[in-house]
Amino acid sequence: MKLLLGIWQDNTAEQFMIAAAALAGVVLAIHLLRFVVRRVLGALAARTQALSHRVAAETVEATSIWLLLPVAVYAAAGNLDLPSRLDHVIDLAAVIVMMLQVAVWANSYVRRWFLLRASLQAGEDAGAVTALGLISFVSRLVIWVLALLLILDHLSVDIAALVAGLGIG
């Protein structure tokens, strides 16, 4: 309760309105950017029929607005005088959420690309379809392990032992 009272007393009504406008603006910008990119990539995919264009157009759908909400909170918090610990937590949350969103995009892209490649091979070679499924799984596992390691590193966890245990270092 002290924290909220301190924030309330340290900021003016104007700062709160600017922060609210920044929050709404960032959420609206994310929605608008997602809509525009989806339309452009969808049109490009329909025109060219290239596999990478179709996969990219479908990957945009993996953009989680709820996952990017802490980024909007980060933008809003920049307009307020917050205690340093709370400011640090908001910074961490925004960076971690962006890392998670990039991992979601990468996972979606890899999964969709391998699914489309497997569907092209489905009638011709069952072994190739199985191999593509396995490669897809391993690729997505690597994406999530790297995301986890990056998040832990950002949280100041010593990941040297984890990386050595994975046989990477």
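## Overall architecture

The protein chain of this predicted model contains 7 helices and 0 strands. Followed along the sequence, the order of elements is α-α-α-α-α-α-α. The radius of gyration of the protein chain is 21 Å, whereas the globule rule gives 15 Å for 169 residues; the former is well over the latter, so the chain is more spread out than a compact globule.

Taken along the principal axes, the box filled by the C-alpha atoms has dimensions of roughly 70 × 45 × 20 Å.

## Surface, burial and contacts

The protein chain has an accessible surface of about 10800 Å², and carbon and sulfur atoms account for 70% of that area. Of the 169 residues, 27% are buried.

Contacts within the chain were also classified by sequence separation. When residues at least 6 apart in sequence are considered, 69% of their contacts join residues at least 24 apart.

## The pairing of helices α5 and α6

Helix α5 spans residues 84–121 and helix α6 spans residues 126–154. The axes of these two helices come within 9 Å and cross at roughly 175°. Because angles over 145 degrees count as roughly antiparallel, this crossing makes α5 roughly antiparallel to α6. The residues that form the contact of α5 with α6 comprise 20 nonpolar, 5 polar and 3 charged.

## Residue S136 in helix α6

S136 is located in helix α6. The relative accessibility of S136 is 6%, and the residue therefore counts as buried, the cut-off for that class being under 20%.

With residues up to four places away in sequence left out, S136 touches V110, R111 and F114.

## Residue R112 in helix α5

R112 belongs to helix α5. Leaving aside residues up to four places away in sequence, R112 touches V55, E58 and T59.

## Summary

In this predicted model, the chain has 7 helices and 0 strands and is more spread out than a compact globule, as its radius of gyration of 21 Å is well over the 15 Å of the globule rule. Helices α5 and α6 are roughly antiparallel. S136, in helix α6, is buried and touches residues including F114, while R112, in helix α5, has E58 among the residues it touches.

How values were computed:
Residues numbered from 1 in each chain as written. Predicted model: local features only at pLDDT ≥ 70, side-chain atom pairs only at ≥ 80, totals over all residues. Heavy atoms only, no water. Axes fitted to C-alpha atoms, helices over the stretch in contact; angles between N-to-C directions. Helix = DSSP H or I, 4+ residues; strand = E, 2+ residues; numbered from the N terminus. Parallel < 35°, antiparallel > 145°, perpendicular 65-115°, else oblique. Nonpolar A, V, L, I, M, F, W, Y, C, P; charged D, E, K, R; others polar. Rg over C-alpha atoms; globule rule 2.2 N^0.38 Å. Buried < 20%, exposed > 50% of the residue type's maximum accessible area, 1.4 Å probe, protein only. Contact = heavy atoms within 4.5 Å. Areas by Shrake-Rupley, 256 points an atom, 1.4 Å probe, with all protein chains shown as cover.
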